[in-house]
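Here is a short report on a structure with more than one part to look at. Please keep the sequence and the 3D view open while reading.

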Amino acid sequence: MIKNISNLGDAALYCDFGKEVNKDINTQVIKYFKTIQKKDIAGVNNITPSYNKLIISFDLKKINFNKLKKVIDNLEIIKGESIQHKKFEIPVCCEKEFSLDIKRLEEKLKMKEEKIYESFFEKEFFCYMTGFIAGMPFLGDLDENLRAKRLDTPRIKVPKGSIGLTEQFANIYTFESPGGWNIIGNTPLNIFDSTKEKEPNLINPGDLVTFKRISKEKYQNYHE
Amino acid sequence: MNKNYFEIIRAGINSTFQDLGRNNLYHIGVPFSGAMDNRNYLLANKLTGNNHNHPVIEFAYQGPHLKYHGDKINIAITGNVSFKIKKGDNLINGECYQSFILENDDELDIISTNKSVYGYLAISGTFDLKFQWSSCSTNTKAKIGSNNGEKLSVNQKINVKEINNNFVNRKLNYVNTKIENIRVIKGTNFNYFSEEGKKIFFKNEFKVSKLSDRMGMRLEGKKIENIIDTNIRSEGLIKGAIQVPADGNPIIMLSDHGTIGGYPKIGVVVSADYDKLVQLTPGSSLKFQEVDLNSAETLFKLYDLETQNLISQI
């Protein structure tokens, strides 16, 4: 349930579902997201679900914070709609040229490179949300010992396909973009296809993801 | 073969097709995009007799140099822009906020934006474009939008589908004003920053960094100290949100921004100041000034009224 609604600037509602991050809270967020999407409220431009927040941005010409807050306060959440769990195995090459921050992570986590990778590749991840850049999946949860902060100054360019870690999450840069996550490898797989208007994202909230280490040779000769 | 087209002699630095942008895609990571300076975008379309969501060419710093082939067409440029029109041996100095007629073989050379970043070129016709999610808006980082998600490039042709036979000469008396005080509403993580940091945010000047583009405006200034956590759980972002990463330098989210971010948000630029904010060139100074939600809403009403008033004068 929404614990608190406040304003983010003059054209967005900030719905807070509490401090905790887990699959149950995230499922609540997704339910609200779907309900609001179906309701098609005039003036609402975008609804962005994340782990434990929902941000609703709107056109200030058509509606304002107080009016929209009333609508959301009185919302009845649609029950049911089980989320589908597709499974994916993502190939990752961890050669030096791709693992931009592995040395930094060894220091931050006080762990050896091989231990970091071992723990990472063993995990099955849950997709909490997609975004930042088109189609980027936010995958959790990393083991406690793999949790590190973002870079102090985000990079101007993170290469397409980079696999990043931060806090309890892993992500995949679907194209070259600025970004501050700790990069440990790169996938040759295309995660976002902008030519598909209907389902451009390979991975969607609720999907399950594992990573598989591949050699540089396999990476270079990779054909989807 | 299309008979009306523009030939690109020089593409300019970052010339892209833009309209009002696209909605309801943040949740898959596709930003709003659209023209950065909404007011100048709307004025350009009105000057050429178009409806308000009609594709235009947005350019930054240096615009394109175009040669036109085809039936006569009206064009208008908005912003603070120097441009020339070449008709045979005749070279005409262009004026912003005024329509001009281009005929076969005329050239339009958009030389530069002056003390501002973005300018707009609208035509009294329809560029032949492929839309994506009902918008032409081009996001070159994500390769989304018309022109295969790319900026314009030299020797390319831009086809014009239809010309509206509306050759009325339209003009508007308008001068863009520059602002240095950007009004903001406190962000959801305002209390993450030290008392000194908050003071710096509202009292000190910040400089617009060269590393600014349609995604974001990076600022440089005295470091804003964080006392709680330099990271938050990644959550949705909006246009105008000001994030402060661990290095203490604010980054303002602009129209092609990432839809999710994990740095604390110290503030959000009010909607009324957005068009003017994006026009600040690298090296310019700005200051933040706090306003509350009510004032921000009133400021926007006034700004929008002023825009509508300008449109009705054309």
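B:Ile77 sits in strand E5 (residues 73-78) of chain B. Helices (H or I, at least four residues) and strands (E, at least two) are DSSP runs, numbered from the N terminus. B:Ile77 is buried because 29 other C-beta atoms lie within 10 Å. A residue counts as buried if 20 or more other C-beta atoms lie within 10 Å of its own, exposed if 12 or fewer, and partly exposed in between, with C-beta atoms placed from the backbone.

Leave aside the neighbours within four places in sequence. B:Ile77 is then in contact with B:Ala44, B:Phe83, B:Gly94, B:Cys96, B:Ile110, B:Gly119, B:Tyr120 and B:Leu121. Two residues are in contact if their C-beta atoms, placed from the backbone, lie within 7 Å. B:Asp19 is 58 residues away from B:Ile77 along the chain, and their C-alpha atoms are separated by 15 Å.

## Model and numbering

This is a predicted model: local features need pLDDT of at least 70, side-chain atom pairs count only at pLDDT 80 or more, and totals for chains, interfaces and linings use all residues. Residues are numbered from 1 along each chain as its sequence is written, while chains are lettered from A and ligands numbered from 1 in the order in which they are written.

## Domains of chain B

Chain B is assigned domain 1 (5-163) and domain 2 (181-313). Domain bounds come from an automatic or database domain assignment. The centres of the two domains of chain B, taken over C-alpha atoms, are 27 Å apart. Their contact takes 20 residues from domain 1 of chain B and 16 residues from domain 2 of chain B.

On the domain 1 side, helix H1 (residues 38-47) of chain B gives the largest share, five residues. That side has eight nonpolar, seven polar and five charged residues. Ala, Val, Leu, Ile, Met, Phe, Trp, Tyr, Cys and Pro count as nonpolar, Asp, Glu, Lys and Arg as charged, and the others, Gly among them, as polar.

## Domains of chain A

Chain A divides into domain 1 (4-73) and domain 2 (87-220). Their C-alpha centres lie 27 Å apart. The contact takes seven residues from domain 1 of chain A and five residues from domain 2 of chain A. On the domain 1 side, H1(A) gives the largest share, three residues.

## Where the chains meet

The contact between the chains takes 49 residues from chain A and 43 residues from chain B. On the chain A side, E3(A) gives the most, with five residues. By class, that side has 22 nonpolar, 19 polar and eight charged residues.
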